[in-house]
Amino acid sequence: MFFNDTIIKKIVQLPTPFYYYDVDIFELTLQKAITASKKIDGKIHYALKANHQDKLLQILAKYNLGADCVSGGEISKALKNKIPSDKIVFAGVGKTDDEIELALSEKIFCLNVESIMELEVIDSIAKRLNVVASVALRINPNVDAYTHKFITTGLSENKFGINASDINITLDKLKTLKNVKLIGLHFHIGSQITDFSVFKNLCLKVNEIQRFLSERDVYVNHLNLGGGLGINYTHPDEYLFPDFEGYFKVFDEFLERRKNQELHFELGRALVAQCGALICKVVFKKKSGEKNFLILDSGMNHLIRPALYEAYHKIENLSKHHQVVNQLYDVCGPICETTDYFGKNVLLPETERGDIFAIRSAGAYGEVMASDYNLRGYPSVYFSDEL
Ligand SMILES: *Cc1c(COP(=O)(O)O)cnc(C)c1O
């Protein structure tokens with residue numbers, strides 16, 4: 001259970017708004033993911049961009065997980081929290097020279113490269129530093145993730161990766177570069193994927209690409225299948241943990257691995273989303289026509305997912321936790337934007353000014369995207385083991 005009466009009693013006393021993280025649930029999630037990944041000897045690099053709280057990163061380091069970073073800032077953050085550099089991968093379409101230099105001088109495991117020009121730049125920086133850069137090619141496999149159009153990344157119309165049809169010219173280019181070494185292939189086709197046939201399609205595409213490489217005598221020692229495993233936003237208590245077993249089983253079943261080839265994964269959301277909630281307070285209640293509005297002291301400034309990609313989050317009134325749910329409300333934030341809402345026509349108990357609300361499943365892509373828009377300040381943070 002995420003919230004019980006003891007926790008709620010403590011939470012409703014604290015000044016809002018804040019992010020609340022349940023550390024036990026975070027650890028349990030990690031344990032389940034690690035256990036499931038062991039069956040195929042998969043290596044997990046946690047995607048820092050989902051949540052980079054120091055405390056959570058230190059727990060990840062304790063469990064020997066690696067990190068998937070998309071900026072120099074994230075690389076520094078991972079290192080600071082004791083994630084070893086040889087377990088760090090660096091992805092991103094727009095790596096700057098300084099970031100590439102940082103990655104190379106810190107000797108991270110691998111740079112996931114997204115274009116030919118990027119390969120050339122990495123080669124020249126590596127030459128200047130007198131090192132050989134380990135790289136993986138991020139291939140855009142043109143697999144539809146059947147997820148929201150704003151979070152799909154593996155279609156040729158998206159900006160990510162090297163188009164599968166350009167692999168040949170990329171391999172030719174690689175032959176001319178002395179300071180980069182191809183060690184892997186990288187794929188990441190989108191986020192919040194709940195239909196496992198998408199991962200099966202990815203496997204089939206990867207098999208095809210591997211055969212193509214074999215014909216050209218190219219062998220890579222690892223395949224990185226990215227992240228993207230979705231979570232259940234609708235029923236967070238019933239499905240507190242994602243189906244890690246089922247997820248890794250798909251790769252076990254459908255992916256053709258070459259001898260000694262390592263499998264890497266970059267789970268972000270699936271590891272942190274359910275352990276977090278945004279806690280806020282009802283400031284006002286108002287009626288407009290048939291609509292009943294609840295205005296909270298936090299909104300898109302602290303959790304932008306609903307405004308940014310129409311994401312659903314379960315909303316709970318913690319102050320009326322045991323009362324019958326029989327009212328419909330539009331739950332809004334305080335920001336001067338029409339899209340600033342957490343939910344429309346949400347079924348809740350009869351609510352009053354001052355009630356404390358929880359916006360569930362907010363551990364991933366929540367706090368990391370918080371802003372100071374409207375100068376309302378950033379949310380504070382509480383961890384379950386510190387209450
Ligand atoms: C965002 C991202 C991830 C993590 O995605 P989730 O959907 O949170 O699992 C993994 N790899 C790359 C390259 C990413 O950009």
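**Before you start.** The model is predicted: local features need pLDDT of at least 70, side-chain atom pairs count only at pLDDT 80 or more, and totals for chains, interfaces and linings use all residues. Residues are numbered from 1 along each chain as its sequence is written, and side-chain values use heavy atoms, with hydrogens and water left out.

**Stop 1: the two domains.** Select residues 24–273 and colour them as domain 1. Then select 274–386, which is domain 2. These bounds come from an automatic or database domain assignment. Over C-alpha atoms, the domain centres lie 32 Å apart. Domain 1 and domain 2 each put 25 residues into the contact (heavy atoms within 4.5 Å).

**Stop 2: the interface.** The size of an interface is often given as the accessible area lost when the parts come together. Here the two domains bury about 2,200 Å² (accessible area, 1.4 Å probe, that two parts lose on being put together, summed over both). Carbon and sulfur atoms give 53% of that area. Now pick Lys55, Tyr233 and Ala273 in domain 1. These residues lose the most area to domain 2, together 27% of what their side buries.

**Stop 3: across the boundary.** Between the domains there are 14 residue pairs in polar contact, both residues at pLDDT 80 or more. A polar contact is a pair of N or O atoms within 3.5 Å; within protein, one must be able to donate a hydrogen and the other to accept it, and residues adjacent in sequence count only if both atoms are side-chain atoms. On the domain 1 side, helices H2 (23–38), H3 (54–62) and H10 (269–272) each supply at least two residues. Helices here are DSSP runs (H or I, at least four residues), and strands are too (E, at least two), numbered from the N terminus.

**Stop 4: Lys55.** Aspartate 385 meets lysine 55 in another, at 3.0 Å. Aspartate 385 sits in the segment after strand S17 (380–383), while lysine 55 is in helix H3, 330 residues apart. A salt bridge is a side-chain nitrogen of Lys or Arg within 4 Å of a carboxyl oxygen of Asp or Glu. The two domains share 3 salt bridges.

**Stop 5: the ligand.** Show the 15 residues around the ligand (a heavy atom within 4 Å). Lys49, Ser191, Glu266, Arg269 and Tyr365 come nearest. A side-chain N or O of serine 191 lies 2.3 Å from a ligand oxygen. For arginine 269, a backbone N or O atom is 2.8 Å from a ligand oxygen.
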